[in-house]
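Hi,

Here is the structure I promised to pass on. Have a look at it first, and then read on for what turned up.

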Amino acid sequence: MACNQGSIELNLSRADSLLVTELTVCLLLKRGRGGRIDHGHHEGKAKQALHETVEMDRAIGRADLLTSVHDTMTVVTADHSHVFNFGGYTGRGNTIFGLAPMLSDIDQKPFTSIIYGNGPGYKLLNGARENVSTVDYQDNNYQAQAAVPLSMETHGGEDVAVFAKGPLAHLLHGVHEQNYIPHVMAYAACIGQNREHCVSSSGAADLRPVLSSIAALLTVTRILC
Ligand SMILES: [Zn+2]
(Lines give C-alpha, C1' and ligand atoms only; values in the text may rest on other atoms or scores of the structure.)
Protein backbone atom coordinates (compact mmCIF):
# COMPACT_ATOMS: atom_id res chain seq x y z
CA MET A 1 0.00 0.00 0.00
CA ALA A 2 1.28 3.48 -0.87
CA CYS A 3 -0.12 6.53 0.82
CA ASN A 4 2.48 9.19 0.20
CA GLN A 5 1.60 10.32 -3.29
CA GLY A 6 -1.90 11.58 -2.70
CA SER A 7 -3.50 8.27 -3.58
CA ILE A 8 -4.08 5.00 -1.81
CA GLU A 9 -3.43 1.72 -3.58
CA LEU A 10 -4.87 -1.34 -1.92
CA ASN A 11 -3.12 -4.69 -2.04
CA LEU A 12 -6.11 -6.97 -2.00
CA SER A 13 -4.01 -10.07 -1.42
CA ARG A 14 -3.43 -9.08 2.18
CA ALA A 15 -5.51 -10.17 5.10
CA ASP A 16 -8.49 -7.96 5.77
CA SER A 17 -7.33 -6.92 9.21
CA LEU A 18 -4.00 -5.70 7.91
CA LEU A 19 -5.69 -3.96 5.02
CA VAL A 20 -8.06 -2.06 7.22
CA THR A 21 -5.47 -0.99 9.72
CA GLU A 22 -2.94 0.02 7.10
CA LEU A 23 -5.66 2.07 5.49
CA THR A 24 -6.27 3.70 8.84
CA VAL A 25 -2.63 4.66 9.24
CA CYS A 26 -2.52 5.97 5.70
CA LEU A 27 -5.55 8.12 6.24
CA LEU A 28 -4.06 9.59 9.38
CA LEU A 29 -0.79 10.39 7.68
CA LYS A 30 -2.39 11.54 4.44
CA ARG A 31 -4.30 14.20 6.30
CA GLY A 32 -0.99 15.68 7.36
CA ARG A 33 -2.80 17.28 10.26
CA GLY A 34 -3.07 16.46 13.89
CA GLY A 35 0.61 15.65 13.95
CA ARG A 36 1.92 19.08 14.88
CA ILE A 37 0.60 19.49 18.39
CA ASP A 38 4.17 19.34 19.63
CA HIS A 39 5.37 21.95 17.16
CA GLY A 40 2.62 24.36 18.13
CA HIS A 41 3.50 24.14 21.80
CA HIS A 42 7.24 24.50 21.23
CA GLU A 43 6.54 27.72 19.36
CA GLY A 44 4.24 28.91 22.10
CA LYS A 45 1.34 28.98 19.67
CA ALA A 46 -1.47 27.58 21.75
CA LYS A 47 -4.10 28.05 19.06
CA GLN A 48 -2.13 25.95 16.59
CA ALA A 49 -1.51 23.23 19.17
CA LEU A 50 -5.18 23.01 20.18
CA HIS A 51 -6.46 23.02 16.60
CA GLU A 52 -4.02 20.21 15.83
CA THR A 53 -5.43 18.38 18.84
CA VAL A 54 -8.92 18.62 17.38
CA GLU A 55 -7.62 17.26 14.08
CA MET A 56 -5.95 14.39 15.86
CA ASP A 57 -9.21 13.63 17.64
CA ARG A 58 -11.01 13.50 14.29
CA ALA A 59 -8.33 11.21 12.83
CA ILE A 60 -8.70 8.83 15.77
CA GLY A 61 -12.45 8.87 15.30
CA ARG A 62 -11.98 7.98 11.66
CA ALA A 63 -9.62 5.13 12.54
CA ASP A 64 -12.21 3.92 15.01
CA LEU A 65 -14.82 3.69 12.27
CA LEU A 66 -12.47 1.64 10.11
CA THR A 67 -11.55 -0.94 12.73
CA SER A 68 -13.36 -3.31 15.05
CA VAL A 69 -12.99 -3.38 18.79
CA HIS A 70 -13.22 -7.16 18.56
CA ASP A 71 -9.92 -7.63 16.74
CA THR A 72 -8.10 -4.32 17.00
CA MET A 73 -6.34 -2.93 20.01
CA THR A 74 -6.26 0.84 19.79
CA VAL A 75 -3.89 2.79 22.02
CA VAL A 76 -3.79 6.56 22.12
CA THR A 77 -1.20 8.23 24.29
CA ALA A 78 1.70 10.68 24.25
CA ASP A 79 5.32 10.47 25.19
CA HIS A 80 5.37 13.75 27.11
CA SER A 81 3.39 16.80 28.14
CA HIS A 82 4.23 20.49 27.81
CA VAL A 83 4.52 23.36 30.26
CA PHE A 84 1.11 24.49 29.04
CA ASN A 85 -1.63 25.47 31.40
CA PHE A 86 -4.70 27.59 31.77
CA GLY A 87 -6.37 29.18 34.73
CA GLY A 88 -7.55 32.43 36.21
CA TYR A 89 -11.01 31.22 37.25
CA THR A 90 -12.47 31.60 33.78
CA GLY A 91 -16.19 31.00 33.66
CA ARG A 92 -18.14 28.49 31.62
CA GLY A 93 -18.48 29.65 28.04
CA ASN A 94 -15.35 31.77 28.18
CA THR A 95 -13.28 31.21 25.06
CA ILE A 96 -10.17 29.18 25.81
CA PHE A 97 -8.20 31.79 23.88
CA GLY A 98 -9.64 34.67 25.87
CA LEU A 99 -8.73 36.64 28.96
CA ALA A 100 -9.16 35.57 32.53
CA PRO A 101 -11.97 37.58 34.16
CA MET A 102 -9.63 39.40 36.49
CA LEU A 103 -6.52 41.56 36.54
CA SER A 104 -3.26 40.62 38.11
CA ASP A 105 -3.23 41.93 41.67
CA ILE A 106 0.50 42.62 41.23
CA ASP A 107 0.84 44.58 37.98
CA GLN A 108 -2.85 45.36 37.49
CA LYS A 109 -2.83 44.02 33.93
CA PRO A 110 -5.05 41.44 32.25
CA PHE A 111 -3.78 38.00 31.36
CA THR A 112 -4.89 35.25 29.03
CA SER A 113 -6.25 32.08 30.57
CA ILE A 114 -3.63 30.14 28.59
CA ILE A 115 -0.13 30.48 29.96
CA TYR A 116 3.17 28.71 29.27
CA GLY A 117 5.75 28.05 31.96
CA ASN A 118 8.50 28.96 29.52
CA GLY A 119 8.95 29.70 25.84
CA PRO A 120 9.12 32.41 23.20
CA GLY A 121 6.02 34.18 24.51
CA TYR A 122 8.01 35.78 27.32
CA LYS A 123 8.17 39.50 26.63
CA LEU A 124 9.01 42.65 28.56
CA LEU A 125 8.11 46.15 27.39
CA ASN A 126 9.97 48.92 29.18
CA GLY A 127 10.88 46.43 31.84
CA ALA A 128 7.32 45.33 32.50
CA ARG A 129 4.96 42.56 31.36
CA GLU A 130 3.16 43.36 28.15
CA ASN A 131 -0.47 44.43 28.45
CA VAL A 132 -2.15 41.70 26.41
CA SER A 133 -5.26 43.80 25.86
CA THR A 134 -3.17 45.92 23.47
CA VAL A 135 -2.34 42.99 21.18
CA ASP A 136 -4.42 40.52 19.16
CA TYR A 137 -4.22 37.55 21.51
CA GLN A 138 -6.82 35.72 19.37
CA ASP A 139 -4.52 35.67 16.35
CA ASN A 140 -3.66 32.21 15.04
CA ASN A 141 0.04 32.80 15.54
CA TYR A 142 -0.18 34.60 18.87
CA GLN A 143 2.45 33.31 21.28
CA ALA A 144 0.96 33.05 24.73
CA GLN A 145 2.83 34.70 27.56
CA ALA A 146 5.49 32.58 29.24
CA ALA A 147 7.08 32.98 32.65
CA VAL A 148 10.64 32.22 31.51
CA PRO A 149 12.23 33.31 28.20
CA LEU A 150 13.24 30.49 25.91
CA SER A 151 13.42 30.39 22.13
CA MET A 152 11.55 27.07 22.25
CA GLU A 153 9.08 26.00 24.91
CA THR A 154 10.01 22.75 26.66
CA HIS A 155 8.26 19.50 27.40
CA GLY A 156 6.62 19.06 30.79
CA GLY A 157 7.15 16.38 33.40
CA GLU A 158 3.71 15.32 34.58
CA ASP A 159 1.95 12.04 33.86
CA VAL A 160 0.15 11.73 30.52
CA ALA A 161 -3.00 9.80 29.78
CA VAL A 162 -3.15 6.51 27.91
CA PHE A 163 -6.46 5.43 26.40
CA ALA A 164 -6.94 1.91 25.14
CA LYS A 165 -9.70 -0.33 23.87
CA GLY A 166 -9.97 -3.65 22.13
CA PRO A 167 -8.32 -6.98 22.94
CA LEU A 168 -6.29 -6.88 26.19
CA ALA A 169 -6.95 -3.17 26.66
CA HIS A 170 -7.72 -3.94 30.31
CA LEU A 171 -3.95 -4.19 30.84
CA LEU A 172 -3.72 -0.43 30.46
CA HIS A 173 -5.31 1.19 33.49
CA GLY A 174 -4.12 2.97 36.58
CA VAL A 175 -0.61 4.44 36.67
CA HIS A 176 2.25 2.79 34.77
CA GLU A 177 5.79 3.54 33.77
CA GLN A 178 5.90 4.50 30.10
CA ASN A 179 8.01 1.48 29.14
CA TYR A 180 5.17 -0.78 30.25
CA ILE A 181 3.03 0.29 27.29
CA PRO A 182 5.03 -1.32 24.46
CA HIS A 183 5.18 -4.56 26.45
CA VAL A 184 1.38 -4.60 26.60
CA MET A 185 1.13 -3.86 22.90
CA ALA A 186 3.65 -6.58 22.05
CA TYR A 187 1.72 -9.02 24.24
CA ALA A 188 -1.52 -8.10 22.52
CA ALA A 189 0.20 -8.34 19.15
CA CYS A 190 1.69 -11.78 19.86
CA ILE A 191 5.19 -10.45 19.39
CA GLY A 192 8.19 -11.61 21.39
CA GLN A 193 7.88 -13.64 24.56
CA ASN A 194 4.77 -14.96 26.28
CA ARG A 195 2.74 -15.83 23.21
CA GLU A 196 0.87 -18.75 24.71
CA HIS A 197 -2.37 -16.78 24.65
CA CYS A 198 -2.03 -16.44 20.87
CA VAL A 199 -2.53 -20.17 20.24
CA SER A 200 -6.10 -21.22 19.62
CA SER A 201 -7.68 -24.37 21.06
CA SER A 202 -6.94 -26.16 17.79
CA GLY A 203 -3.25 -25.53 18.30
CA ALA A 204 -2.94 -23.14 15.39
CA ALA A 205 -1.47 -19.73 16.00
CA ASP A 206 -4.26 -17.19 16.18
CA LEU A 207 -2.64 -13.97 15.12
CA ARG A 208 -5.69 -11.90 14.34
CA PRO A 209 -4.85 -9.05 16.73
CA VAL A 210 -1.22 -8.95 15.70
CA LEU A 211 -1.19 -6.70 12.70
CA SER A 212 -3.90 -4.44 14.01
CA SER A 213 -1.93 -3.76 17.15
CA ILE A 214 1.19 -2.97 15.21
CA ALA A 215 -0.75 -0.47 13.17
CA ALA A 216 -2.03 1.15 16.33
CA LEU A 217 1.50 1.49 17.65
CA LEU A 218 2.68 3.05 14.43
CA THR A 219 -0.23 5.42 14.38
CA VAL A 220 0.46 6.75 17.83
CA THR A 221 4.17 7.03 17.16
CA ARG A 222 3.78 8.97 13.95
CA ILE A 223 1.17 11.32 15.34
CA LEU A 224 2.78 12.32 18.55
CA CYS A 225 6.54 12.36 17.95
ZN1 LIG B 1 8.60 18.18 21.55
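Is His155 buried, exposed or partly exposed? His155 is partly exposed, since its relative accessible area is 36%. Before going further, please keep in mind that this is a predicted model.

His155 belongs to the zinc site, so let me start there. The zinc ion is coordinated by two OD atoms of Asp38, together with NE2 of His42 and NE2 of His155, at 2.0 to 2.3 Å. Along the chain, these donors follow the spacing D-x3-H-x112-H. The site also links distant parts of the chain: Asp38 sits in helix H2 (residues 37–42), while His155 sits in strand S10 (residues 155–156), 117 residues apart. Asp38 is buried, because its relative accessible area of 14% falls under the 20% cut-off.

What about the geometry around the zinc ion? The arrangement is irregular, because the four donor atoms subtend angles of 56 to 159°. For a tetrahedral site, all angles would have to lie between 85 and 135 degrees.

Now for the protein chain as a whole. The chain has five helices and 11 strands. Of its 225 residues, 35% are buried. If you take the contacts between residues at least 6 apart in sequence, 62% of them join residues at least 24 apart. The accessible surface comes to about 13,300 Å², and carbon and sulfur atoms account for 56% of that.

Happy to go through any of this with you.

Best wishes

Technical notes. Residues numbered from 1 in each chain as written. Predicted model: local features only at pLDDT ≥ 70, side-chain atom pairs only at ≥ 80, totals over all residues. Heavy atoms only, no water. Helix = DSSP H or I, 4+ residues; strand = E, 2+ residues; numbered from the N terminus. Buried < 20%, exposed > 50% of the residue type's maximum accessible area, 1.4 Å probe, protein only. Contact = heavy atoms within 4.5 Å. Areas by Shrake-Rupley, 256 points an atom, 1.4 Å probe, with all protein chains shown as cover. Donors = N, O, S within 2.8 Å, 3.2 Å for Na, K, Ca; no water. Tetrahedral: all angles 85-135°; square planar, octahedral: opposite > 155°, others 65-115°.
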